[in-house]
Amino acid sequence: MFSLYFNDDRLALLHRLVDLALEEDGRDLTSEALFPPSSLLHASIVAKEETLVAGLPLIDIVFERMRCPKPCVTLLRSDADAVERGQEVARIQGSAPILLKAERVIMNFICHLSGVANATRRFVQAVEGTGVRVLDTRKTTPGQRYLEKYAVRMGGGHNHRANLEEMLMLKDNHIDQAGSITAAVEALRKAYEVCPPLEVECRTLEHVREAVSLAPQRIMLDNMPVETAAEALKLIPAHIDSEISGNVTLANIRALAALRPTFISTGAITHSATVADFSMRLTQSPRENT
């Protein structure tokens, strides 16, 4: 799944992100002074709570970006696996200075991404049986969007547009600039020889009716009261996807899903995810007799 999701362009961004994370830490002067390069450490990454796991393929990527002798990495579980407290998910053996330099970068990624997967799973479980799909948003940590959207998938969610090019979304500012929803849609379709999919954000029933007449790929009901959203969904034909968005929480998502939109989107699964608790346990190989 990781290699399928991260195409060449996304992988290039990921490499830049890992490089930045390593650069932030600088040289590990403490470890370099106390451990000779030939000293070996054995590392075990262990879950300290019941959790999903996400981000394990980053272990190899971090070491590759360090441009150093690559440690031996053994993955014991796969991304999207549910693990119990105390369960080991990966083992690493390699040079002590290299492992100690990489430790915090690796753990920051795995703990954060596993937390996003956990948050997503809770929302997905809340709408189970309704047929509604949970979407993320662009409310992501700068630089980590593709990783976080990957983690959403590991939690059973689906991705909204990853960037401003994949789908064109008409918001209030765009509509005001064009003069109307109709004028804005016509301008976009005229601007691009092959127009990306269109989504129109609507806040009133009148906006929904106008948007439906233009047949965009998706209509978003933004911050609509439940009663208004129920009426709006009756106006949207089956060939146009519908999306409910705005102030979606675990407390209200089941009621929103009962209205049967195609999607419900929430930024909470990325911007408010609590990190999962993992630790990297390090043990030193016995010193050779001299």
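Mentor: Two residues are in contact when heavy atoms lie within 4.5 Å. This is a predicted model, in which local features need pLDDT of at least 70 and side-chain atom pairs 80 or more, while totals for chains, interfaces and linings use all residues. Residues are numbered from 1 along each chain as its sequence is written, and side-chain values use heavy atoms, without hydrogens or water.

Trainee: Which residues does Arg 65 touch, not counting those up to four places away in sequence?

Mentor: Arg 65 touches His 15, Val 18, Asp 19 and Leu 22.

Trainee: What makes the link between Arg 65 and Asp 19 a polar contact?

Mentor: The side chains of Arg 65 and Asp 19 are joined at 2.7 Å. A polar contact is a pair of N or O atoms within 3.5 Å, one able to donate a hydrogen and the other to accept it; residues adjacent in sequence count only if both atoms are side-chain atoms. The 2.7 Å pair therefore qualifies.

Trainee: Where is Arg 65 found?

Mentor: Arg 65 is in helix H4, residues 58–66. Helices are DSSP runs of H or I, at least four residues, numbered from the N terminus.

Trainee: Why is H4 called largely enclosed by the rest of the structure?

Mentor: Because 7 of the 9 residues of H4 are buried, meaning under 20% relative accessible area with a 1.4 Å probe, protein chains only (exposed is over 50%, partly exposed in between). The buried residues of H4 are Leu 58, Ile 59, Ile 61, Val 62, Phe 63, Arg 65 and Met 66.

Trainee: What follows H4?

Mentor: Arg 67, with a positive phi near 50°.

Trainee: Why is Arg 145 called partly exposed?

Mentor: Arg 145 has a relative accessible area of 22%, so it falls between the 20% and 50% limits. Arg 145 is found in helix H6, residues 145–154. A polar contact of 3.1 Å joins the side chains of Arg 145 and Thr 140.

Trainee: How many aromatic pairs are there?

Mentor: The count comes to 5. The rings of Tyr 5 and Phe 6 have centres 5.1 Å apart and planes at 80°, so this pair is edge-to-face. Rings of Phe, Tyr and Trp (its six-membered ring) pair with centres within 6.5 Å; planes under 30 degrees apart are stacked, over 60 edge-to-face, the rest tilted.

Technical notes: Helix = DSSP H or I, 4+ residues; strand = E, 2+ residues; numbered from the N terminus.
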